[in-house]
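Reader: Could you show me the model, and then we can go through a few details together?

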Amino acid sequence: MVVVMSESATEENIQKVISKLTEMNFDVHRSTGVNQTVLGAVGDKRGLDPRMLEVLSDVYKVIQITEPYKLASRTFHPEDTVVQVKDVRVGGDQLVMMAGPCSVEGRDEIKETARIVRQAGAKVLRGGAFKPRTSPYSFQGMGEEGLKYLNEAVAENDMVSVSEVMESSQIPLMIEYVDILQVGARNMQNFSLLRDLGKIRKPVLLKRGMSATIEELLMAAEYIMAGGNFDVILCERGIRTFENYTRNTLDISAIPVVKKLSHLPIIADPSHATGKRDKVAPMARASIAAGADGLLVEVHKNPEQALSDGAQSLYPEQFEKLMQELEIIARAVGRAW
Ligand code: PEP
Ligand code: MN
């Protein structure tokens, strides 16, 4: 970290900043130029609030050189991380398609959808049993019964499952039934949940909060990793912007940005990003072209009858067509399904 003093800084104020840095266990290297003094601070700055220094008298600027996250950072772990769940590898050469309904709605429904998406090439079956709905009067998910059906569908079709965990008390149950635990956008900064997920040894799919910066997403991943769980898959699912034609705005540029900053795999969710099924395929194609390690897509056998997110769920035929298109794009960027 570098602290740049203002041109008119007094020696007394420079000394105060040096004392503050020393108190914070930094080694301080002072360079005095013709006009300005610059203080180089070497040490562990994790947890440091730079404003503590910025507010000191005569401090012009505080420049952070390393990222505030360490375990999630590529600086400390240059090679890509591959998260393995049974025979599915997320983050390797092979792309991973996670598909299925927004919510598990019944035994036959989830089994039939599993068969359809598996046939088309999806290896991971999605389906929420605990749903974070904006309205308390909307369908809230089937709970444990839904997890059982999801599990049966996965076993019958040789897949792995991903499902959302909404609170810490659900973790023991989720571990029993689910392969990948999803943290939804609304819970990205539920720090006690993230901490508890750090204690388990199952992969976590961490969705970007709808108003979270990329740095906040990586700090959320850091919470899980700080507990010892390094199997974190990030997910760009759209952020809130002033544009309201689509449900959210898919931040495709977050994919290459995250790839540069972090070694963790990142997938995209074009369904929640757009909220409209005719926009899902174009955004899915763009995400793979931008370097995503896979996709999370909502597919429903009969979207008109879906109990949640029907408008953004693909018809089975649309999903099959999308998988074919994605094959060409994957090849063009040196990946395969
Ligand atoms: C979901 O995947 O069904 C979901 C609720 O996603 P998000 O948290 O991104 O809104
Ligand atoms: Mn949904």
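Reader: Which residue in strand 4 is the bridge partner of V4?

Author: The bridge partner of V4 in strand 4 is K61. This is a predicted model, in which local features need pLDDT of at least 70, side-chain atom pairs count only at pLDDT 80 or more, and totals for chains, interfaces and linings use all residues. Residues are numbered from 1 along each chain as its sequence is written, chains are lettered from A and ligands numbered from 1 in the order in which they are written, and side-chain values use heavy atoms, with hydrogens and water left out.

Reader: And how many bridges join strand 1 and strand 4?

Author: Strand 1 (residues 2-5) pairs with strand 4 in the antiparallel sense over 4 bridges, where pairing takes at least two DSSP bridges and strands are DSSP runs (E, at least two residues).

Reader: What is the strand order in that sheet?

Author: The open sheet has 4 strands in the order 2-3-1-4, with antiparallel pairing. Strand 2 (27-32) and strand 4 (59-63) are at the edges with a single partner strand each, so one side of each has no neighbour in the sheet.

Reader: Switching topic, what coordinates the manganese ion (ligand 2)?

Author: C102 (SG), H272 (NE2), E298 (OE) and D309 (OD) coordinate the manganese ion (ligand 2) at 2.0 to 2.4 Å; donors are N, O and S atoms within 2.8 Å of the metal (3.2 Å for Na, K and Ca), and sites may look incomplete since water is not among the atoms.

Reader: Is C102 buried or exposed?

Author: C102 counts as buried because its relative accessibility is 3%, buried being under 20% relative accessible area, exposed over 50% and partly exposed in between (1.4 Å probe, protein chains only). D309, at 19%, also counts as buried.
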